[in-house]
Amino acid sequence: MTRRSFLRTSAVLATGLAAVAASLKPLFEMEDFATAEQFMQKYYKELTPEEMAQVLKRIEAEVEKQYNIRPHVRDLRPMDGVEFVYALNLSRCIGCRKCVHACVAENNQSRNPEIQYIRVLKMPHGTFDLEKGNHTYNSASVPEKGFFYMPVQCQQCHNPPCVKVCPVNATWQEKDGITVIDYDWCIGCRYCEAACPYWARRFNFTKPSIPAERLNPEMAYLGNRPRKQGVMEKCHFCIQRTRDGRYPACLEVCPTGSRKFGNILDPESEISQILRTKRVFMQLKEDVGTNPRFFYYFDV
Amino acid sequence: MIPAARNYLVFLRRCARIAFVGDWRYYLWMGVLSLICLLGLNAYARQFAEGLAVTGMSDEVSWGVYIANFTFLVGVAAAAVMMVIPVYIYDNEELHDLVIFGELLAVAAIIMCLAFVTVDLGRPDRFWHLIPGIGQMNFPNSMLSWDVIVLNGYLLLNVHICGYLLYCRYQGRTPGKWFYIPFVFTAIVWAVSIHTVTAFLYVGLGGRPFWNSSIVGPRFLASAFTAGPAIIILALQVIRNVTHYHITDKALLTLRSIVQVSMLINVFLLINEVFKEFYSGNLHVASSRYLFLGLHGHNALVPWIWTAVALNLIAMVLLVLPLSRSLKFLNVACVLSIVGIWIEKGMGLVIPGFIPTPLGAIVEYTPTLNEALVCFGIWAMGLLLYTIFLRMSVPILQGRLSKANEGISEPGPGGVDMVIPQHHRP
């Protein structure tokens, strides 16, 4: 190689590298690259109890660093002999959306942009055509005459399409019927969001932001621990509460008692009684074959 | 073994070298493409840092132009078989020496597909979760895991076929039949599979009536076999003009009959779909109504789809008429079909599937500038790669870059060889 061609090659190479480096500038300004530990984080189902204990500690430390609050993160497993079912009384619901906001507060959803797991549809009397529903109603007072209200959230299907389509098994159905997401395993392809017939899934299009004073420190690994940018989340029946013997936040806050929740395997539970005695109850979009664990019923 | 490896390395080095040698037109073309690539890379770096919020996508319309382009390009890649079948099954003489340009186009298209899927991921740093063994692959349940397998398999098959045949030609020996014929026939079936699996990705979603229809698969194939060979017709003429590679008009006209028949089938299937959707008039027509007529005052896609329909129909008429035996009109027909199918199969297939949402809300989608830059970047990268592949393969096929002339001459642009000055020879 002659000196001239060497100089020319070097000049071309240097210009090329400089141009590539310049175009990658936004990466150099990034603050929260995944750490080596986060990058190597194993799949939920493959973690040994010791590894899980370590991971929980690490997550607590990360949350504390970010919010200055020491959280309590648990890995709550499904209980034996329990299968959760939800029922919602459409004759009673007044569409006040208290459940929507209680859910956001309980589950540490991003506030900006705000992510909500529950969508309340204001439906005109006499139809179940969802396209006739109003998603953005902003009435001075509810309920309004001529309408009924239908809250929709994850239906915890027996036959969940979202689980079937996930290419990396990052979402699955647990023994107690709850479909969960491993936020550290999701690759963010959003195939589950396309597959869900209930529009129940929410994606973190950017870094979630929660004011520190609003953080709920009582957390579960598969539940309400803070999520990262680029992953999916959704309603999980408040795993951090329900697997600990408490009711979901949306149920507790409901002023009309429209929301019922419990163990369908226990014949004495309220939910079993409702499904046994109510003359009319239904699953949303029965025709898609998902067989939800979420029922809508009427006072008859 | 050692000399064989050394020979192969010399081959690779010479190939790499000529990618950087050309006339001013070549440098201009490559320079512009590199610049667009860098703009795209910059836009992607911004998206990586700030998240997919820099795109126009939302929880309502959760896939956009990335997946639209991906879907279109899978078709382009699959269409290489439309040259392979005539050559290897029907022994077509005219296309024989051109089939490799189709396969190289498939390689470039698949790489673009993989890039489009990657930029669509929220967590590209976790791609390894897909790799069987160290990650978790939800196979055979998830159609996306099938897609990962068939796309990468198709890439490997075509890289092997092209690489092997070119290296044999370089060395001046006859390729061993067993080293490539079985792969060629596998690739024929495989090409159909990549587009079928990509169609099934949509078809399998029971909650999305617009996609959950058995005609999507056949329509994918028909439109792919129209747009793909149309791109090849244009590419071959560019190759002929720039390199004086021997390409007959008869070869182009063979491809014309393929585009012609595929376009007729494509339009026929479109009519089938439109009839089924609109005549029965059940509630599932909402997405099609949004696409073709607009829904409750929302009609962002209406001008697009009617443009696509018009382009496809004009192209079809041109292709059917003897007029398009003249290359001028054939080229017009090809451009119209490529653009028409890109709109119809990209935006026209992906976006309406999300509108209205399963809960009946209507939220429209418009790609952002950042999103568009990423797309342009990937297209530029694909063209850059295809140009490099051609820059390497044309001189090899012409015999100007061969083992026989190692150290004697390097192929220059436009069919003129540059004799290496004595003191530069190794």
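The C-alpha centres of domain 1 and domain 2 of chain B are separated by 25 Å in this predicted model. Domain 1 of chain B comprises 1-55 + 369-426 and domain 2 comprises 56-367, with bounds taken from an automatic or database domain assignment. The contact between them (C-beta atoms, placed from the backbone, within 7 Å) takes 26 residues from domain 1 of chain B and 29 residues from domain 2 of chain B. Helix H13 (residues 369-397) of chain B supplies the largest share of the domain 1 side, 15 residues; helices (H or I, at least four residues) and strands (E, at least two) are DSSP runs, numbered from the N terminus.

In chain A, the buried residues of helix H5 (residues 98-106) are Cys99(A), Cys103(A), Val104(A) and Glu106(A). A residue is termed buried if 20 or more other C-beta atoms lie within 10 Å of its own, exposed if 12 or fewer, and partly exposed in between, with C-beta atoms placed from the backbone. These four residues lie on the same side of H5(A) because they cover an arc of only 170° around the axis, the arc being that of the directions from the helix axis to the C-beta atoms. The buried residues of H5(A) pack against strand E4 (147-152), helix H9 (249-253) and strand E10 (259-263) of chain A. H5(A) is followed by Asn108(A), which has a positive phi near 55°.

Residues are numbered from 1 along each chain as its sequence is written, and chains are lettered from A and ligands numbered from 1 in the order in which they are written. Local features require pLDDT of at least 70 and side-chain atom pairs count only at pLDDT 80 or more, whereas totals for chains, interfaces and linings use all residues.

Conventions
Contact = placed C-beta atoms within 7 Å.
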